Amino acid sequence: MEAEAVQAAKQEASGADDVLGDLTRAVARIAQSDGDFLTAIPELSLHRRSATTDPMHCLYGFGVGITVSGQKRVALGEEVFDYSAGQSLLTTADLPVVTHITRASAAQPFMGLMLRLDPRAVVQAAAEMALPQPTRDCSYRAMSLGDLDATLLGAVTRLIELLHEPRLLPQLAPLLQQEILVRLLAGRHGPQLQRLVAVGSPSQQVVQSMTWLKLNFTQPVLADDLAASVHMSPSTFRQHFRAVAGMSPMQYLKQLRLQEARQLMLNQGIDAGTAGVRVGYESASQFSREYARLFGAPPLRDIRRMRETN
């Protein structure tokens, strides 16, 4: 029996390798040069880099990222996720992260994809699958790493190949996206996705608070008020928030504000003082100090550096 199990595991791994090869060719057919490629499927984007990159601050939304070749690193607070070919990173809430490509070359470029997910579709699919309700605890983390099996890789490959059949895209793309979601729920990422349907659980309440913060981060916010809004004591709320987001509520709020300010200065040419006020800072010196602590340089110098490297 043990020998049969080992043989079955080898066959499964071989099958996943074969399907990963198909997925690699499907991505390479579209991403023929370095860059980020939006597709006719609004939720799907493809990415390619021929060299490693410097760490970059960004906001990851609800979705699954898959590395097709090379390796990528994502840091959430003090936790680091390294994922390479055939692995995926699921994000179930809006999270400020630091990410960079750690393995890529001209001969073997990094290639990956991002597929955004719809929380409502997760709730509906989980209900239809009659999945067991997850336990009401605080072990949930809004980011998880996992290997993908051949069946899920195959579904993703078919979704990308469908881009070459535009007449069939409107009818078949939703079906393939539904298959991918169902397979995610039934696979290693299932427990994390099921937390979204655990009504009234501490993790769901924290995610609701994070959603509110993303929409209202320019307003004055107190952690105690956030805790009261979800009927938790301040200490319990902070504990659950850190368990889900990898950082405290105020650190989360600060990163939302500073990343938005950076985009305002970079893309709209707004000066640092105006950007700081727009994102909720009353003190220019505090804004500059916290900005430099997060991005490694004061606003003016950081924006100049970013423009020179782009």
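Colleague: In which sense do E3 and strand E8 pair, and over how many bridges?
Modeller: This is a predicted model, where local features need pLDDT of at least 70, side-chain atom pairs count only at pLDDT 80 or more, and totals for chains, interfaces and linings use all residues. Residues are numbered from 1 along each chain as its sequence is written, and side-chain values use heavy atoms, with hydrogens and water left out. Strands (E, at least two residues) and helices (H or I, at least four) are DSSP runs numbered from the N terminus, and two strands pair if DSSP finds at least two bridges between them. E3 and E8 (residues 95-103) are antiparallel, and the count is 5 bridges.

Colleague: Which residue in E8 is the bridge partner of His57?
Modeller: Strands of a sheet pair through backbone hydrogen bonds, either parallel or antiparallel. E3 spans 56-60. In E8, His57 is bridged to Val98.

Colleague: What is the strand order of the open sheet, and which are the edge strands?
Modeller: The sheet has 4 strands with antiparallel pairing, in the order E3-E8-E5-E6. An edge strand pairs on one side only; here these are E3 and strand E6 (79-84).

Colleague: Which side chain meets Arg25 in a salt bridge?
Modeller: A salt bridge is a side-chain nitrogen of Lys or Arg within 4 Å of a carboxyl oxygen of Asp or Glu. Helix H1 (residues 2-30) holds both partners, 3 residues apart, about one turn of the helix. The N to O distance is 2.6 Å, and the partner of Arg25 is Asp22.

Colleague: Is Arg188 buried or exposed?
Modeller: Arg188 forms a salt bridge with Asp147 (3.6 Å, N to O). Asp147 is in strand E10 (residues 143-147) and Arg188 in the loop between H4 and helix H5 (190-194), so the pair ties together parts 41 residues apart in sequence. Buried means under 20% relative accessible area, exposed over 50%, partly exposed in between (1.4 Å probe, protein chains only). At 60%, Arg188 is exposed.

Colleague: Which residues make the nonpolar surface patch?
Modeller: Patch residues have over 30% relative accessible area and no salt bridge; like charges are joined within 9 Å, nonpolar side chains (Val, Leu, Ile, Met, Phe, Trp, Tyr) within 5 Å. Areas come from the Shrake-Rupley method with a 1.4 Å probe, and for residues only the protein chains shown count as cover. Leu175, in helix H4 (residues 169-186), is exposed at 57%. The patch covers about 260 Å², made by Leu168, Leu172 and Leu175.
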